[in-house]
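Here are my notes from going through the model, point by point. Have the viewer open while you read.

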Amino acid sequence: MHRPTLDEIEERFVALVEGRLTRDEADRWAARWMAYDDLAWDDVSWWALGLLYGIDLPGGPDGAFLHDDEQVRDWLAALRRRRTA
């Protein structure tokens with residue numbers, strides 16, 4: 001099975017930040033890949049998938065998400081920094 005590349009993972013973050021992908025869609029996409037125990041992942045890809053998995057968790061009864069949009073943008077920036085390190 002072909003696992004997603006780091007480019008594909010980053011594109012999910014970009015689509016999420018730009019509003020082209022819902023948090024639910026991002027979570028379900030990441031969950032699908034994290035369920036495969038036999039795939040080998042580099043540290044950055046696994047870290048980024050772990051962030052996407054659960055991106056739709058509620059933060060409380062007010063309907064806000066546990067991780068706000070600013071934090072998601074920060075994660076995208078961190079992903080880009082980690083890629084170049």
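1. Handedness, before anything else: a crossing is left-handed if the near helix is turned anticlockwise from the far one by less than a right angle, and right-handed if clockwise. Helices (H or I, at least four residues) and strands (E, at least two) are DSSP runs, numbered from the N terminus. With that convention, α1 passes α3 in a left-handed crossing.

2. Housekeeping. This is a predicted model, so local features need pLDDT of at least 70 and side-chain atom pairs count only at pLDDT 80 or more, while totals for chains, interfaces and linings use all residues. Residues are numbered from 1 along each chain as its sequence is written, and side-chain values use heavy atoms, with hydrogens and water left out.

3. For reference, axes are lines fitted to C-alpha atoms, for helices over the stretch in contact, and angles run from 0 to 180 degrees between N-to-C directions. Angles under 35 degrees count as roughly parallel, over 145 as roughly antiparallel, 65 to 115 as roughly perpendicular and the rest as oblique.

4. Who makes that contact (heavy atoms within 4.5 Å)? On the α1 side you'll find L6, I9, R12, F13 and L16, and they meet V44, S45, A48, L49, L51 and L52 in α3. By class, the residues of this contact of α1 with α3 come out as nine nonpolar, one polar and one charged. The classes are simple: Ala, Val, Leu, Ile, Met, Phe, Trp, Tyr, Cys and Pro count as nonpolar, Asp, Glu, Lys and Arg as charged, and the others, Gly among them, as polar.

5. Now α1 against α4. Their axes come within 10 Å and cross at roughly 155 degrees, and α1 and α4 are therefore roughly antiparallel to each other. α1 passes α4 in a left-handed crossing. The contact is made by L6, D7, E10, F13, V14, L16 and V17 of α1 together with V72, R73, W75, L76, L79, R80 and R83 of α4. Its residues split into nine nonpolar, no polar and five charged.

6. How many salt bridges does the structure hold? There are eight, a salt bridge being a side-chain nitrogen of Lys or Arg within 4 Å of a carboxyl oxygen of Asp or Glu. Look up the one between the side chains of E10 and R80, at 2.6 Å from N to O. This pair links distant parts of the chain, with E10 in helix α1 (residues 6-18) and R80 in helix α4 (residues 69-84), 70 residues apart. E10 is buried at 13% relative accessible area, while R80 is partly exposed at 41%. The cut-offs: buried means under 20% relative accessible area, exposed over 50%, partly exposed in between (1.4 Å probe, protein chains only).

7. Another one to click on is R23 with D69, whose side chains meet in a salt bridge at 2.9 Å, N to O. R23 lies in helix α2 (residues 23-34) and D69 in helix α4, so the pair ties together parts that are 46 residues apart in sequence. R23 counts as buried at 8% relative accessibility, and D69 as partly exposed at 49%. Not counting residues up to four places away in sequence, R23 touches L16, I55, D56, F65, H67, D68, D69 and V72.

8. A local case: the side chains of D24 and R28 form a salt bridge at 2.9 Å, N to O. Both residues lie in helix α2, four residues apart, about one turn of the helix. D24 is partly exposed, with a relative accessible area of 35%. As for shared partners, salt bridges join D7, E10, R80 and R83 into one network.

9. Last, W47, which sits in helix α3 (residues 43-52). Its relative accessible area is 23%, so W47 is partly exposed. Leaving aside neighbours within four places in sequence, W47 is in contact with W75, A78, L79 and R82. W47 and D24 are 18 Å apart, C-alpha to C-alpha, and 23 residues apart in sequence.

Methods: Contact = heavy atoms within 4.5 Å.
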